[in-house]
Amino acid sequence: MIRLDALDPRRWPLAVRVPLIVAVLVAGVALATGQAVLSRLARDQERHLSELASAFLDGLATAVQPAAARADIWEAFDALDRARARYGALRPMLFAVLLPDGTVLASAEPRSIPSGTRLAAALAAQADAAAAAGRPVLDADAATAVLARDLAEGDVPVGRIVAQADIGPLLAERRAVVRTLVLANGAFALVFAAAGVLLVRHLLAPADLVRRRLTEAARSGRPVPVDETVGIGPEHAALLAAWNQAAAASAEREAMAARLAKEERHAQVGRLAAAMAHEVNNPLGGLITAVDTLSDHGDDPEVRAEALGLLRRGLGDIRNVVRAGLATWRGAASTVALAAQDFDDLRLLVRHEVARRGLTLDWRNELSGEVAVDRTLARQVALNLLLNAATASPPHGTLRFRASELHGGGAVVEVTDAGPGLPPAVEALLHARDGPPPEDGGLGLWTAVRLVRSLGGRIVRLPSDTGTRLVAELPAAPAPMEAVHAL
Amino acid sequence: MKAPWLIGRRALLATAAAGPVHAAAPVRFGLTPVFLDSDLALLRDLGRHLEAALGSPVQLVKRRTYQEIVAMLLAGQLDAAWICGFPYVRHADRLSLLAVPLHRGRPLYQSYLIADASLDVSSIDDLRGHSHAFSDPDSNSGFLVTRWLLSARHERPEGFFNRPFFAYGHRNVLRAVGAGLADSGSVDGYVWETVADREPAVTAGTRVVAHSEWHGFPPICCLSESRDGPAARGLAAALLEMRESESGQRVLETLRLDGFVSAEPALYDSIARMAAEVGART
């Protein structure tokens, strides 16, 4: 369905509007000049006809006036009959000599206008007008011109010559001129419009190029320079040069930002490493002490339990610190493709946690072959989701894992727990574009979300009857698989 | 047929007997529409033939009406003239016959009453109320015969016909009737036949309604007082021997005539009788 506003000429492209304007202007000029030509042609034809008629009437009057004065039928007819052959250019259809009383003395066509009769009223009226005006009276509908000349001997009228000429050829000539003008001007308008299309497209090519680059830049966020040689004239050259300068400045700013970001990340890594070293070092003393205690007094169940609890907590702290570090920084992405075995390893890794919590693991790994997904990141995503699910599930609950291939390439990881569901703050992590890691839980999900986004995928929560059902879509990377900086 | 070298011998002898014709005084020969005087090529050939036969210039004189030519002839302004039998009988006391044409072997011709071919008429009586074209008031075939027919009915042309007029030439009468200017016309039968033969388009629109009696063919006449003059004798001899020369035969062929012969005034008695009857009835 055509939108109505698309019919508004103001919304039409310049490449259409300008040629149309050119065509309309050409047609307007052609119409004006055509009118002038036709008007001049009509005047010339009428002047020519009038001159021809005057010469015709002069010659005929000389020949028939004595006959009219004597009312000599034969002499009048003879003069008319001879004149018909001599004035072919006038194309007389009929002509007659009238007596002063209006009756026909003789006509060149006696069978249609016999002597002694009167002319038809319409023809007689036209003859009266022509005689009074001294020039032909034209009847365009009938394609005739009526001529008339009064004959007199001194002040005494002796008759009148009346002729009816065929002006069909004159009118046909006008129609032919009109046809020629219409065809020629139409052709000119089309030619100029076509030339206008090409010219305008040629003139607008640089501007159109900049427009396309702007559209692309708006989509990609990265302006691409253009070839300045396509510019026409100083205006377009300046436009293209300005665009290229803007693109260069943007690229320079982007490079600078990337460099600053890299430096900042390195600085953060340094601080994180220092903090991790500090955090790991903190419990180390206690842990070593606990190990010593176990070594010396391991037989005492109370002491042993206390030392083991200390060890568990200290190692837990270290594990948390390491997890935070992993979530903060990742090294160069693996270029190894993901295989089913990679997920099956995770089953072993989580087996202890699952057993410790008394959970049942429903494991379905449907990956059949390799998919072009970073295996390290994919394993980390799946492991985070599994550990989160294990943590969220109540004892004796069922933890479900399913891996399959993503339609269009990639992998899908689906983890379902038996927990009470995601808290709103944690679920918001699924939709937050950026942000710091949560301070009160949800670090694993935050990490998984960022890892999945780095792969170009997403994590969504689907409805479930038993708890939280999270699905991570890990699309395949374009081949060859690019290195990915996770964070 | 005589040998070509004999051409004009009699004419030359006649001229020599009468004395030389002065080179600066052309023979003046008057013509009327009793024949196809509108054929300029014919006139040129006739003039050349007569000049060759006479050995002197010949001036062919044409006028619009019979009356003008007859008046010039009677006034001595012409040496001879080809006139109609009607003016001849009217001025027979002053005119002499030099030669009479032979048409189809006889010095006779008829008057034709013609009409528009589209009219359903079979006699002069059917032409009452129709327009009519006469040739000339001094023409036997083009006026007198019809006038005589009407007088026998106690009619006059202007009362019997609707707007009768004179076309001053038999060929003009044919044109008038053919074009529809007149419904009917009185015309020389010889002219109608010749035009029908040479220009059938002119007579195509006409139809012969009635033929008259045979009358003496329009003669070549001169003043009786000039009958023995060199010009008249030379002309008479040239005409009488016309068929004996190639140029004369060419002229005769064009005229559709067989030649010229001498004739007696009695040849025109029928015309004189009609003229007398018409005069008596009016």
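I take the axes of helices as lines fitted to C-alpha atoms over the stretch in contact, with angles running from 0 to 180 degrees between N-to-C directions. I note at the start that this is a predicted model.

**Entry 1: the pair H7 and H8 of chain B**

I looked up how helix H7 (residues 170-179) of chain B lies against helix H8 (residues 189-198) of chain B. The two pack at an angle of about 65°, and their axes are 9 Å apart. The crossing of H7(B) with H8(B) is right-handed. On the H7(B) side I find B:His170, B:Arg171 and B:Leu174 in the contact, and H8(B) brings B:Val191, B:Trp192 and B:Val195. Sorted by class, this contact has four nonpolar residues, one polar and one charged.

**Entry 2: the sheet in chain B**

Next I traced the strands. Chain B has an open sheet of five strands in the order S8-S7-S9-S6-S10, and the pairing is mixed. Which strands stand at the edges? They are strand S8 (165-166) and strand S10 (206-211) of chain B. Each has a single partner strand, so one side of each is left without a neighbour in the sheet.

I then checked the join at S8(B). Strand S7 (residues 132-134) of chain B runs parallel to S8(B), and two bridges join them. B:Phe134 has B:Phe166 of S8(B) opposite it.

H5(B) touches strand S6 (111-116), S7 and strand S9 (184-188) of chain B, and its direction makes about 120° with that of S9(B). H7(B), the helix of Entry 1, touches S6, S7, S9 and S10 of chain B; its direction makes about 155° with that of S9(B).

**Entry 3: helix H5 of chain B**

I asked how many residues of helix H5 (residues 140-152) of chain B are buried. I count a residue as buried if 20 or more other C-beta atoms lie within 10 Å of its own. By that cut-off 11 of the 13 residues are buried, so H5(B) is largely enclosed by the rest of the structure. The buried set runs from B:Asn140 through to B:Leu150, including B:Phe143, B:Arg147 and B:Trp148. Just after H5(B), I noted that B:His154 has a positive phi of about 60°.

**Entry 4: chain A against chain B**

Last, I looked at the contact between the chains. Chain A puts in 10 residues and chain B 12 residues. On the side of chain A that touches chain B, helix H2 (residues 73-86) of chain A gives the most, with five residues. By class, that side of chain A has five nonpolar, two polar and three charged residues.

Conventions
Residues are numbered from 1 along each chain as its sequence is written. Chains are lettered from A and ligands numbered from 1 in the order in which they are written. This is a predicted model: local features need pLDDT of at least 70, side-chain atom pairs count only at pLDDT 80 or more; totals for chains, interfaces and linings use all residues. A residue is buried if 20 or more other C-beta atoms lie within 10 Å of its own, exposed if 12 or fewer, and partly exposed in between; C-beta atoms are placed from the backbone. Helices (H or I, at least four residues) and strands (E, at least two) are DSSP runs, numbered from the N terminus. Two residues are in contact if their C-beta atoms, placed from the backbone, lie within 7 Å. Ala, Val, Leu, Ile, Met, Phe, Trp, Tyr, Cys and Pro count as nonpolar, Asp, Glu, Lys and Arg as charged, and the others, Gly among them, as polar. A crossing is left-handed if the near helix is turned anticlockwise from the far one by less than a right angle, and right-handed if clockwise. Two strands pair if DSSP finds at least two bridges between them.
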